[in-house]
Amino acid sequence: MKKTIIAMAFALAGPVLLAQQAETPAASADPVIMKAGSTEIRKSEFEHALSALPAEYQAFASGPGKRQFAEDYLRLRMLADVAQKEGLDKDPKVQSQLKLLRENTLANAQIERMRASVQLSDAELRKAYEERKETLERARARHILIAFEGSPAAPAEGVLSEEAARAKAEEIRTKIAGGADFAELAKTESHDTGSGASGGDLGEFGRGQMVPEFEQAVFGTEPGRLAPVVRTQFGYHVIEVRERTTMPLEKVRTQLEEQIRQEKLETLIEAMQGAANSSFSEDYFGSVPPPTPAPGG
(Lines give C-alpha, C1' and ligand atoms only; values in the text may rest on other atoms or scores of the structure.)
Protein backbone atom coordinates (compact mmCIF):
# COMPACT_ATOMS: atom_id res chain seq x y z
CA MET A 1 0.00 0.00 0.00
CA LYS A 2 2.85 2.39 0.80
CA LYS A 3 4.17 2.45 -2.75
CA THR A 4 0.65 3.09 -4.04
CA ILE A 5 0.09 6.05 -1.73
CA ILE A 6 3.50 7.49 -2.59
CA ALA A 7 2.69 7.18 -6.29
CA MET A 8 -0.66 8.91 -5.77
CA ALA A 9 0.98 11.68 -3.77
CA PHE A 10 3.42 12.44 -6.55
CA ALA A 11 0.64 12.22 -9.14
CA LEU A 12 -0.98 15.15 -7.30
CA ALA A 13 2.00 17.44 -7.86
CA GLY A 14 0.51 19.35 -10.80
CA PRO A 15 -2.99 19.95 -9.39
CA VAL A 16 -1.54 20.83 -5.98
CA LEU A 17 0.92 23.36 -7.39
CA LEU A 18 -1.89 24.93 -9.37
CA ALA A 19 -4.18 24.97 -6.35
CA GLN A 20 -1.64 26.94 -4.31
CA GLN A 21 -2.60 30.02 -6.28
CA ALA A 22 -6.18 29.79 -5.03
CA GLU A 23 -7.42 31.91 -2.18
CA THR A 24 -6.84 30.26 1.21
CA PRO A 25 -8.57 30.84 4.58
CA ALA A 26 -7.17 33.30 7.10
CA ALA A 27 -4.07 31.98 8.90
CA SER A 28 -5.87 31.88 12.24
CA ALA A 29 -8.45 29.47 10.83
CA ASP A 30 -5.91 27.56 8.78
CA PRO A 31 -2.96 26.51 10.97
CA VAL A 32 0.33 25.10 9.74
CA ILE A 33 0.14 21.35 10.39
CA MET A 34 3.42 20.24 8.77
CA LYS A 35 6.78 21.89 8.39
CA ALA A 36 10.23 20.96 7.08
CA GLY A 37 12.80 23.74 6.72
CA SER A 38 11.17 26.57 4.82
CA THR A 39 8.34 24.34 3.58
CA GLU A 40 5.09 24.85 5.46
CA ILE A 41 1.81 23.11 4.80
CA ARG A 42 -1.46 24.43 6.12
CA LYS A 43 -4.49 22.37 7.03
CA SER A 44 -6.47 23.52 3.96
CA GLU A 45 -3.65 22.53 1.60
CA PHE A 46 -3.35 19.05 3.07
CA GLU A 47 -7.11 18.51 3.03
CA HIS A 48 -7.25 19.69 -0.58
CA ALA A 49 -4.59 17.08 -1.45
CA LEU A 50 -6.63 14.41 0.34
CA SER A 51 -9.80 15.36 -1.53
CA ALA A 52 -7.95 15.17 -4.86
CA LEU A 53 -7.19 11.47 -4.33
CA PRO A 54 -9.41 8.93 -6.10
CA ALA A 55 -12.25 7.73 -3.89
CA GLU A 56 -10.72 4.27 -3.45
CA TYR A 57 -7.61 5.80 -1.79
CA GLN A 58 -9.31 8.48 0.27
CA ALA A 59 -10.60 6.14 2.99
CA PHE A 60 -7.10 4.80 3.61
CA ALA A 61 -5.33 8.17 3.35
CA SER A 62 -7.90 9.82 5.63
CA GLY A 63 -7.83 6.98 8.15
CA PRO A 64 -5.08 4.46 8.96
CA GLY A 65 -2.77 5.83 6.26
CA LYS A 66 -3.18 9.52 7.15
CA ARG A 67 0.29 9.96 8.68
CA GLN A 68 1.89 7.99 5.87
CA PHE A 69 0.18 10.11 3.22
CA ALA A 70 1.17 13.27 5.15
CA GLU A 71 4.82 12.22 4.98
CA ASP A 72 4.51 11.53 1.24
CA TYR A 73 2.84 14.90 0.67
CA LEU A 74 5.42 16.79 2.72
CA ARG A 75 8.19 15.13 0.70
CA LEU A 76 6.41 16.12 -2.50
CA ARG A 77 6.11 19.75 -1.41
CA MET A 78 9.75 19.91 -0.26
CA LEU A 79 10.92 18.67 -3.65
CA ALA A 80 8.61 21.10 -5.45
CA ASP A 81 9.88 24.03 -3.33
CA VAL A 82 13.51 23.12 -4.01
CA ALA A 83 12.80 22.75 -7.73
CA GLN A 84 11.19 26.20 -7.83
CA LYS A 85 14.10 27.81 -5.96
CA GLU A 86 16.50 26.26 -8.44
CA GLY A 87 14.51 27.63 -11.38
CA LEU A 88 13.21 24.35 -12.71
CA ASP A 89 9.78 25.94 -13.19
CA LYS A 90 11.41 27.96 -16.01
CA ASP A 91 12.66 24.82 -17.79
CA PRO A 92 10.78 24.46 -21.13
CA LYS A 93 10.12 20.76 -20.56
CA VAL A 94 8.74 21.39 -17.06
CA GLN A 95 6.64 24.30 -18.32
CA SER A 96 5.18 22.03 -21.00
CA GLN A 97 4.30 19.42 -18.35
CA LEU A 98 2.73 22.07 -16.09
CA LYS A 99 0.70 23.36 -19.04
CA LEU A 100 -0.57 19.84 -19.71
CA LEU A 101 -1.45 19.38 -16.03
CA ARG A 102 -3.32 22.68 -16.03
CA GLU A 103 -5.24 21.69 -19.16
CA ASN A 104 -6.04 18.29 -17.64
CA THR A 105 -7.31 19.89 -14.42
CA LEU A 106 -9.49 22.35 -16.35
CA ALA A 107 -10.82 19.62 -18.65
CA ASN A 108 -11.76 17.45 -15.66
CA ALA A 109 -13.49 20.42 -14.01
CA GLN A 110 -15.49 21.01 -17.21
CA ILE A 111 -16.40 17.31 -17.40
CA GLU A 112 -17.71 17.43 -13.83
CA ARG A 113 -19.76 20.53 -14.64
CA MET A 114 -21.22 18.84 -17.72
CA ARG A 115 -21.90 15.65 -15.76
CA ALA A 116 -23.81 17.66 -13.14
CA SER A 117 -25.96 19.17 -15.91
CA VAL A 118 -27.04 15.77 -17.25
CA GLN A 119 -30.71 15.18 -16.50
CA LEU A 120 -32.13 11.68 -16.10
CA SER A 121 -35.85 11.10 -15.64
CA ASP A 122 -37.33 8.09 -13.90
CA ALA A 123 -39.00 7.11 -17.18
CA GLU A 124 -35.63 7.07 -18.96
CA LEU A 125 -34.14 4.98 -16.19
CA ARG A 126 -36.96 2.42 -16.34
CA LYS A 127 -36.73 2.25 -20.14
CA ALA A 128 -32.97 1.63 -19.93
CA TYR A 129 -33.55 -1.04 -17.31
CA GLU A 130 -35.99 -2.90 -19.55
CA GLU A 131 -33.58 -2.65 -22.51
CA ARG A 132 -30.65 -3.98 -20.46
CA LYS A 133 -32.45 -6.59 -18.41
CA GLU A 134 -30.56 -9.43 -20.06
CA THR A 135 -27.20 -8.00 -18.95
CA LEU A 136 -28.50 -7.85 -15.37
CA GLU A 137 -29.27 -11.56 -15.17
CA ARG A 138 -27.63 -13.66 -12.48
CA ALA A 139 -27.42 -17.41 -12.15
CA ARG A 140 -26.62 -20.12 -9.64
CA ALA A 141 -25.05 -23.24 -11.10
CA ARG A 142 -22.85 -26.18 -10.32
CA HIS A 143 -20.49 -28.04 -12.61
CA ILE A 144 -18.18 -31.00 -13.00
CA LEU A 145 -15.01 -30.29 -14.97
CA ILE A 146 -13.20 -33.01 -16.89
CA ALA A 147 -9.88 -31.54 -18.01
CA PHE A 148 -7.85 -32.73 -20.99
CA GLU A 149 -4.18 -32.67 -21.87
CA GLY A 150 -2.89 -29.09 -22.14
CA SER A 151 -5.69 -27.62 -20.00
CA PRO A 152 -4.57 -25.38 -17.09
CA ALA A 153 -6.79 -27.56 -14.88
CA ALA A 154 -5.28 -30.90 -16.02
CA PRO A 155 -4.23 -33.13 -13.09
CA ALA A 156 -0.61 -34.11 -12.53
CA GLU A 157 -1.43 -37.75 -13.19
CA GLY A 158 -3.97 -39.59 -15.30
CA VAL A 159 -4.29 -36.85 -17.92
CA LEU A 160 -6.97 -37.58 -20.52
CA SER A 161 -6.89 -36.88 -24.22
CA GLU A 162 -9.48 -34.37 -25.40
CA GLU A 163 -11.59 -37.13 -26.94
CA ALA A 164 -11.49 -39.18 -23.73
CA ALA A 165 -12.34 -36.14 -21.61
CA ARG A 166 -15.40 -35.38 -23.69
CA ALA A 167 -16.55 -38.99 -23.58
CA LYS A 168 -16.19 -39.05 -19.79
CA ALA A 169 -18.12 -35.79 -19.41
CA GLU A 170 -20.94 -37.14 -21.58
CA GLU A 171 -21.00 -40.34 -19.53
CA ILE A 172 -21.25 -38.37 -16.26
CA ARG A 173 -24.05 -36.21 -17.69
CA THR A 174 -25.97 -39.33 -18.70
CA LYS A 175 -25.59 -40.76 -15.19
CA ILE A 176 -26.89 -37.53 -13.60
CA ALA A 177 -29.81 -37.36 -16.04
CA GLY A 178 -30.61 -40.90 -14.95
CA GLY A 179 -30.73 -39.98 -11.28
CA ALA A 180 -27.10 -40.11 -10.06
CA ASP A 181 -26.15 -37.62 -7.35
CA PHE A 182 -24.52 -34.55 -8.93
CA ALA A 183 -22.75 -33.46 -5.75
CA GLU A 184 -21.19 -36.85 -5.10
CA LEU A 185 -19.90 -37.14 -8.67
CA ALA A 186 -18.50 -33.61 -8.45
CA LYS A 187 -16.56 -34.55 -5.32
CA THR A 188 -15.06 -37.69 -6.87
CA GLU A 189 -14.70 -36.76 -10.56
CA SER A 190 -14.32 -32.98 -11.02
CA HIS A 191 -10.89 -31.60 -11.86
CA ASP A 192 -12.06 -28.28 -10.43
CA THR A 193 -11.14 -29.36 -6.92
CA GLY A 194 -12.24 -26.04 -5.41
CA SER A 195 -15.89 -26.28 -6.43
CA GLY A 196 -15.76 -30.08 -6.45
CA ALA A 197 -15.29 -30.18 -2.68
CA SER A 198 -18.63 -28.37 -2.31
CA GLY A 199 -20.49 -30.56 -4.77
CA GLY A 200 -19.59 -28.46 -7.81
CA ASP A 201 -21.36 -25.37 -6.49
CA LEU A 202 -20.19 -22.13 -8.15
CA GLY A 203 -22.46 -19.85 -6.15
CA GLU A 204 -24.15 -16.88 -7.80
CA PHE A 205 -22.57 -15.02 -10.72
CA GLY A 206 -23.56 -12.55 -13.41
CA ARG A 207 -22.81 -12.13 -17.08
CA GLY A 208 -19.19 -11.42 -17.91
CA GLN A 209 -17.83 -13.36 -14.93
CA MET A 210 -17.33 -16.72 -16.65
CA VAL A 211 -15.61 -17.64 -19.92
CA PRO A 212 -17.99 -17.03 -22.87
CA GLU A 213 -18.74 -20.68 -23.71
CA PHE A 214 -19.63 -21.46 -20.11
CA GLU A 215 -21.73 -18.31 -19.76
CA GLN A 216 -23.66 -19.06 -22.95
CA ALA A 217 -24.45 -22.57 -21.72
CA VAL A 218 -25.64 -21.36 -18.30
CA PHE A 219 -27.79 -18.46 -19.49
CA GLY A 220 -29.19 -20.55 -22.33
CA THR A 221 -30.45 -23.32 -20.06
CA GLU A 222 -33.61 -23.30 -18.00
CA PRO A 223 -33.23 -23.58 -14.20
CA GLY A 224 -33.38 -27.12 -12.89
CA ARG A 225 -32.00 -28.60 -16.12
CA LEU A 226 -28.64 -29.89 -17.32
CA ALA A 227 -26.92 -27.94 -20.09
CA PRO A 228 -25.35 -29.83 -22.99
CA VAL A 229 -21.71 -30.71 -22.26
CA VAL A 230 -19.66 -27.63 -23.14
CA ARG A 231 -15.98 -27.24 -23.98
CA THR A 232 -13.86 -24.37 -22.64
CA GLN A 233 -10.12 -23.85 -22.39
CA PHE A 234 -10.27 -25.68 -19.05
CA GLY A 235 -11.92 -28.85 -20.33
CA TYR A 236 -15.42 -30.27 -20.71
CA HIS A 237 -18.13 -29.15 -18.28
CA VAL A 238 -21.23 -30.91 -17.05
CA ILE A 239 -23.45 -28.04 -15.87
CA GLU A 240 -26.64 -27.91 -13.85
CA VAL A 241 -28.38 -24.55 -13.75
CA ARG A 242 -30.03 -24.17 -10.37
CA GLU A 243 -31.51 -20.67 -10.58
CA ARG A 244 -31.68 -17.67 -12.90
CA THR A 245 -32.84 -14.27 -11.74
CA THR A 246 -32.77 -10.66 -12.91
CA MET A 247 -31.64 -8.03 -10.43
CA PRO A 248 -34.52 -5.65 -9.62
CA LEU A 249 -34.29 -2.01 -10.64
CA GLU A 250 -33.93 -0.76 -7.08
CA LYS A 251 -30.87 -2.93 -6.55
CA VAL A 252 -29.07 -1.61 -9.65
CA ARG A 253 -30.53 1.91 -9.73
CA THR A 254 -27.32 3.71 -8.67
CA GLN A 255 -25.13 1.66 -11.00
CA LEU A 256 -27.53 2.12 -13.93
CA GLU A 257 -27.91 5.87 -13.33
CA GLU A 258 -24.13 6.30 -13.40
CA GLN A 259 -23.86 4.23 -16.56
CA ILE A 260 -26.52 6.25 -18.39
CA ARG A 261 -25.11 9.58 -17.20
CA GLN A 262 -21.69 8.53 -18.48
CA GLU A 263 -23.17 7.60 -21.85
CA LYS A 264 -25.00 10.94 -22.06
CA LEU A 265 -21.84 12.77 -21.08
CA GLU A 266 -19.85 11.02 -23.82
CA THR A 267 -22.56 11.96 -26.33
CA LEU A 268 -22.35 15.61 -25.24
CA ILE A 269 -18.56 15.64 -25.60
CA GLU A 270 -18.73 13.99 -29.03
CA ALA A 271 -21.35 16.52 -30.14
CA MET A 272 -19.18 19.37 -28.88
CA GLN A 273 -16.21 18.05 -30.85
CA GLY A 274 -18.37 17.50 -33.93
CA ALA A 275 -19.76 21.05 -33.77
CA ALA A 276 -16.20 22.38 -33.60
CA ASN A 277 -15.37 20.76 -36.97
CA SER A 278 -12.23 19.09 -35.65
CA SER A 279 -9.65 17.98 -38.20
CA PHE A 280 -6.35 16.11 -38.16
CA SER A 281 -3.32 16.55 -40.39
CA GLU A 282 -3.10 13.59 -42.75
CA ASP A 283 0.57 14.47 -43.40
CA TYR A 284 1.25 13.78 -39.71
CA PHE A 285 -1.35 11.15 -38.77
CA GLY A 286 -1.96 9.48 -42.12
CA SER A 287 -5.36 8.93 -43.70
CA VAL A 288 -8.28 7.50 -41.74
CA PRO A 289 -8.56 3.75 -42.36
CA PRO A 290 -11.90 2.53 -43.78
CA PRO A 291 -14.33 1.14 -41.18
CA THR A 292 -14.07 -2.58 -40.46
CA PRO A 293 -17.06 -4.39 -41.99
CA ALA A 294 -19.46 -5.95 -39.49
CA PRO A 295 -19.42 -9.76 -39.30
CA GLY A 296 -21.59 -11.17 -42.05
CA GLY A 297 -21.78 -7.79 -43.76
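This briefing covers a strand sheet, the helices packed on it, salt bridges and a surface patch.

The structure is a predicted model, in which local features need pLDDT of at least 70 and side-chain atom pairs count only at pLDDT 80 or more, while totals for chains, interfaces and linings use all residues. Residues are numbered from 1 along each chain as its sequence is written, and side-chain values use heavy atoms, with hydrogens and water left out. Helices (H or I, at least four residues) and strands (E, at least two) are DSSP runs numbered from the N terminus.

**The sheet**

- An open sheet is formed by four strands in the order β4-β3-β6-β5, with antiparallel pairing; two strands pair if DSSP finds at least two bridges between them.
- The edges are taken by β4 (201–206) and β5 (230–232); each has a single partner strand, so one side of each is left without a neighbour in the sheet.
- On average, neighbouring strands of this sheet are turned by 45 degrees against each other, direction ignored.
- Strand β3 (residues 137–146) and strand β6 (residues 235–246) run antiparallel and are joined by ten bridges.
- Across from I144 stands V238 in β6.

**Helices on the sheet**

- Helix α8 (residues 162–177) lies across β3, β5 and β6, and runs at about 45 degrees to β6.
- Helix α11 (residues 212–219) also packs on the sheet, where it touches β3, β4, β5 and β6; its direction makes about 50 degrees with that of β6.
- Contact here means heavy atoms within 4.5 Å. Axes are lines fitted to C-alpha atoms, for helices over the stretch in contact, and angles run from 0 to 180 degrees between N-to-C directions.

**Salt bridges**

- The whole structure holds 26 salt bridges, each being a side-chain nitrogen of Lys or Arg within 4 Å of a carboxyl oxygen of Asp or Glu.
- K127 and E131 form one of them, with the closest N and O atoms 2.6 Å apart. The two residues are four apart in helix α7 (residues 122–131), which means they are separated by about one helical turn.
- K127 is exposed, at a relative accessible area of 53%, and E131 is exposed at 54%. Exposed means over 50% relative accessible area, buried under 20%, and partly exposed in between (1.4 Å probe, protein chains only).
- R231 forms a salt bridge with E162, and their closest N and O atoms are 2.6 Å apart. This pair links distant parts of the chain, since R231 is in strand β5 and E162 in helix α8, 69 residues apart.
- R231 counts as partly exposed at 39% relative accessibility, as does E162 at 33%.
- E184 forms a salt bridge with K187, where the closest N and O atoms are 3.8 Å apart. Both residues lie in helix α9 (residues 182–189), three residues apart, about one turn of the helix.
- E184 is partly exposed at 43% relative accessibility, and K187 is partly exposed at 47%.
- A network of salt bridges links D122, R126, E250 and R253.

**A nonpolar surface patch**

- F280, Y284 and F285 form a nonpolar patch on the surface, and together they have about 450 Å² of accessible area.
- Patches are made of residues with over 30% relative accessible area and no salt bridge; like charges are joined within 9 Å, and nonpolar side chains (Val, Leu, Ile, Met, Phe, Trp, Tyr) within 5 Å.
- Accessible areas come from the Shrake-Rupley method with a 1.4 Å probe, and for residues only the protein chains shown count as cover.
- F280 sits in the loop between α12 (249–275) and α13 (282–285). F280 counts as exposed because its relative accessibility is 58%.
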